[in-house]
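Here are my notes on the model you sent over.

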Amino acid sequence: MHTPVTIIGAGLGGLTLARVLHVHGIPVTVYEAESSPSARTQGGMLDIHDYNGQLALKAAGLMDEFHTIIIEGRQTMRLIEQDGTVLHEMADDGTGGRPEVQRGELRRILLDSLPADTVRWGHKVSGTRALGAGRHEVTFADGGTVITSLLVGADGAWSRVRPLLSDATPEYVGTSFVETYLFDADTQHTGTAKVVGGGSMIAPSPGKEIFAHRESGDTLHAYVALSRPHDWFAAIDFTDASAAAARIAREFDGWAPELTALITDADIVPVLRPHYALPTEHRWDRVPGVTLLGDAAHLAAPNGEGANLAMLDGAELGKTLAAHPDDTEAALTEYEQAMFARGSEAVTFEGTEVHGIDSENNTAQAMLKMINEQGR
């Protein structure tokens with residue numbers, strides 16, 4: 001079986017690429033390991049930025065659909081002290097610079113914008129190999145294969161396409177999230193719902209922090225970040241929900257109970273999310289007929305930009321391919337040079353570099369100072 005453009009991975013980046021190609025009349029097939037669009041939940045809230053993610057949606061012709069899934073008011077952001085004091089609140093001003101949407105809803109509008117047979121579900125890639133002349137063969141776990149003249153790896157951190165281009169593998173960066181949910185928060189977790197507020201909140205501290213946001217309805221979704229080695233987390237039995245929550249909560253002794261309740265009162269088993277990254281300057285030499293986008297190309301620890309960058313990668317690759325219909329290699333070269341630069345840019349807040357979790361400036365007071373300086 002031969003297809004002109006083959007995308008591995010039906011995440012936001014891969015689907016954005018598929019949509020932009022479809023808009024330009026370029027045939028494309030997406031292969032996804034998951035068995036169906038509803039095989040698993042698609043994560044929580046995403047703020048889609050006007051300088052990357054929204055540009056991708058404009059290229060895809062989906063801004064009207066995007067506006068229908070924005071959850072109003074969720075751009076509100078609070079800085080919280082460890083004692084639960086609300087130090088500062090940045091209100092949702094309604095300008096739409098970083099509106100919040102549910103990741104699953106964003107994926108849905110991308111899927112709905114494609115012909116029904118574009119995504120082939122239940123196709124887990126087991127290997128890839130070069131055939132020469134820019135052609136590649138993809139082998140699936142069920143033994144099936146596909147041969148393509150243009151292969152795009154949009155398959156995330158542990159990409160099966162990346163080895164065609166690079167020997168780089170993700171490495172643990174020394175931090176992890178412990179993810180929790182609190183449901184029916186306004187009635188069952190009133191103190192915590194009050195401190196989180198109507199949008200999101202962050203309670204930072206050197207080496208640890210608690211971030212939470214209000215999803216649709218009165219669900220609170222929290223990410224508890226800790227700077228600890230792999231072995232430290234490996235010693236915790238995350239199958240024992242109460243014991244795992246208690247162990248993580250001990251790292252926040254002395255913090256306000258309405259904050260630590262995001263750990264101890266969770267309505268799901270805490271989920272460990274270790275953070276991995278590729279080298280900041282990850283590059284490869286041009287290999288005919290294959291490229292990468294999103295985390296497959298420039299995986300970084302969570303910084304608020306990952307989904308946005310993946311979507312922009314997909315949109316830019318689609319536009320570049322459309323602009324060079326008779327010279328795929330020229331298109332890939334142009335795309336990759338821009339993508340390499342984009343993926344290695346430092347994350348900033350209004351032009352100021354964001355403090356890392358291990359920084360002594362990772363405090364609510366330091367963040368407020370940065371915000372005030374930007375305001376001046």
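**Notes on the predicted model**

1. Let's start with the aromatics. Trp 158, Tyr 172 and Tyr 276 are joined by ring pairs into a cluster.

2. One of the pairs is Tyr 31 with Phe 140, a tilted arrangement with ring centres 5.0 Å apart and 40° between the planes.

3. Phe 252 and Trp 255 make another ring pair to look at. Their centres are 4.8 Å apart and their planes sit at 90°, which is why the pair is classed as edge-to-face. Both Phe 252 and Trp 255 are buried.

4. Next, strand β5, residues 77-80. In a regular strand, side chains alternate between the two faces of the sheet. In β5, Met 77 and Leu 79 point one way, while Arg 78 and Ile 80 point the other way. What is the burial state of these four? All are buried, Arg 78 included.

5. Which strands does β5 pair with? With strand β6 (residues 86-90) the pairing is antiparallel, over 4 bridges, and Met 77 stands opposite Met 90 of β6. With strand β14 (residues 200-205) the pairing is parallel, through 3 bridges, and here Arg 78 is the residue facing Met 201 of β14.

6. While you're there, have a look at the turn. The hairpin of β5 and β6 has 5 residues between the strands, and Gly 84 in that hairpin adopts a positive phi near 95°.

7. Ser 149 deserves a point of its own. This serine sits in the loop between β11 (145-148) and β12 (151-153). What does the side chain of Ser 149 reach? The backbone oxygen of Pro 4, at 3.3 Å. Ser 149 also has a C-alpha to C-alpha separation of 8.3 Å from Val 290, although the two residues are 141 apart along the chain.

8. Rolling a probe the size of a water molecule over the atoms shows where empty space is left. The structure has 1 cavity of 30 Å³ or more, and the volume of the largest cavity is about 50 Å³.

9. What lines that largest cavity? The lining consists of Pro 279, Thr 280, His 282, Arg 283, Ala 297, His 298, Met 339, Phe 340, Gly 343 and Ser 344. By class, these lining residues split into 4 nonpolar, 5 polar and 1 charged.

10. Which helices supply at least two residues each to this lining? They are α10 (295-298) and α12 (328-343). Of the contributors, α12 gives the most, with 3 residues.

Key. Residues numbered from 1 in each chain as written. Predicted model: local features only at pLDDT ≥ 70, side-chain atom pairs only at ≥ 80, totals over all residues. Heavy atoms only, no water. 1 Å grid on protein atoms, 1.4 Å probe; cavity = no way out; pocket = protein on both sides within 12 Å on 5 of 7 lines; lining within 4 Å. Points joined across faces, edges and corners; volume = space filled by probe spheres on them. Nonpolar A, V, L, I, M, F, W, Y, C, P; charged D, E, K, R; others polar. Polar contact = N/O pair within 3.5 Å; in protein donor to acceptor, adjacent residues only side chain to side chain. Buried < 20%, exposed > 50% of the residue type's maximum accessible area, 1.4 Å probe, protein only. Pairing = 2+ DSSP bridges. Phe/Tyr/Trp six-rings, centres within 6.5 Å; stacked < 30°, edge-to-face > 60°.
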